[in-house]
Amino acid sequence: MTTETKIRAALKTNRQEHLLQFYEELSEDRKTTFLDQLRTIDFDQVNHLFEAAQESLNGQGTKLDNKMKPVPADKFEAEESTRSDLLASYRKTGLEEISKGHVAVLLMAGGQGTRLGVSYPKGMYSVGLPSGKTLFQIQAERIRKLISLAKQQTGVSGKITWYIMTSGPTNATTEQFLRKNDYFGLNSKDVVLFQQGLLPCFDFEGKIFLEEKDSVALAPDGNGGIYRALKESGVLDDMKSRGVKHVHAHSVDNILVKVADPVFIGYCVKKQADCGAKVVKKSGPNEAVGVVCQVDGKFQVVEYSEITESTANLKAKDGSLMFNSGNICNHFFSTNFLIKIADTFESQLKLHVAKKKIPHISSSGDKIKPTTPNGIKIEKFVFDVFEFTNNFVTWEVPRYSEFSALKNADNADNSAVDCPSTSRRDLLRLHKRYIEEAGGTVNCEEVEISPLLSYAGENLEIRVKGKVFDEKTVIFSDEELLILNNNNNFDETVYSNGKTH
């Protein structure tokens, strides 16, 4: 039986025969390419996905108020109320695990910068810092600094493997960018790219759309597709072979993210957690952010749309919001837990369905660009594995030091939120705070600290104590200064030692 015959039979069984309606018009090369794409799709499985998606759509709008409880006290700690000696203990444990090579970073970087107004991967974006560094560079340099801090503490030179989940549209561009920049000083063998999966787009009757006469309309399967992608790409096997035990997973678009945060990792390790979530206090009851809580006794992220306003406004005894643990897509996983999810529970993850305007080829062969939603895209979310944990913990961190999302483009009247301007502002405010805590004075808006000099404000006194910073400044590491000098790339407009008091 030929490939074409097998595919025609599968399409007929699953009522998707229309996908080949223009097949005879195609050249032989295009026929081959199209059959190769169709062969990768399990049509029986995707039909079941559509049926499950319909059930999910029918259930949307159901409120969860009566099923919700806050995170229990024994599963919650907050950085700001934790004793300094305990914080130091968590940090020590995290750095020890890094020095042993037990820690990896799992970066979710499949998104394009469409909402930012650019056509390249979001990790390549620069928010306009004095240094001009991109999100990828900032995060890579934080990893390098952590490896150095772990060696300082333990005397052992460990490593952190950087796993980067891309998507079909971003993979090649991301790989080229990292290679061109020499992986920002990381060992290329410790930077592993893999792609998230794709799912067909459906009309409301369950028919799969054609994007062109010779290709199916596909969309990324959401950050929850990471579990299947980890297994199918061989990344889980790679983690096992490297001896990785703990994984810090986060999205690329948080400029303040403490990559492989040793305090968070140490906390989760000491609590013997298989899964953990970093959270921030909600800015108010109406902030449209999911909250980590329990639903019917299982941990879950409940979206703002899934609760009533009265529940969103409920107060605890201390006057804070009862449901206050805002989810920021920042998670700890044990490697064993990731393996368990991929092997056993991935197929049970909830489906999240969005009605979308999906461009497609009509039955008459015309390209249609709809002005109203005409179909659905199906996604899975990374946090929907919480219900399968045996030991789940949460760690609350200050928003000012750990969370500033980059979602939207700046606009003319500066009213945009989660945009380049707010990301840049929040990082520079944090750096100003670090400098002032170390005995320096900042009298301007643009003083930036290189991640290679300081990961989280440590060891700055020797460079800033007693100094006044009045102009745009990047406080580089000694290594960076040497390279800049040797390359005659020393720009006095973005570097200053500061003035002595």
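**Exercise 1.** Is E55 buried or exposed?

*Solution.* In this predicted model, E55 has a relative accessibility of 61%. The cut-off for exposed is over 50%, so E55 counts as exposed.

**Exercise 2.** Find the salt-bridge partners of K133, then work out which parts of the chain they connect.

*Solution.* Start with E141: its salt bridge with K133 has closest N and O atoms 2.6 Å apart. Both K133 and E141 are buried. Now turn to E480, which also forms a salt bridge with K133, here with closest N and O atoms 2.9 Å apart. E480 belongs to helix 15 (residues 478-486) and K133 to the loop between strand 3 and helix 5, so this pair ties together parts 347 residues apart in sequence. As a last check, buried means under 20%; E480 at 10% therefore counts as buried, and so does K133 at 5%.

**Exercise 3.** Which residue pairs with D214 in a salt bridge, and where does each partner lie?

*Solution.* The partner is R30, with closest N and O atoms 2.9 Å apart. D214 is in the loop between strand 8 (210-212) and strand 9 (215-216), while R30 is in helix 2 (residues 28-39), 184 residues apart. R30 is partly exposed, at 39% relative accessible area.

Notes:
Residues are numbered from 1 along each chain as its sequence is written. This is a predicted model: local features need pLDDT of at least 70, side-chain atom pairs count only at pLDDT 80 or more; totals for chains, interfaces and linings use all residues. Side-chain values use heavy atoms; hydrogens and water are left out. Buried means under 20% relative accessible area, exposed over 50%, partly exposed in between (1.4 Å probe, protein chains only). A salt bridge is a side-chain nitrogen of Lys or Arg within 4 Å of a carboxyl oxygen of Asp or Glu. Helices (H or I, at least four residues) and strands (E, at least two) are DSSP runs, numbered from the N terminus.
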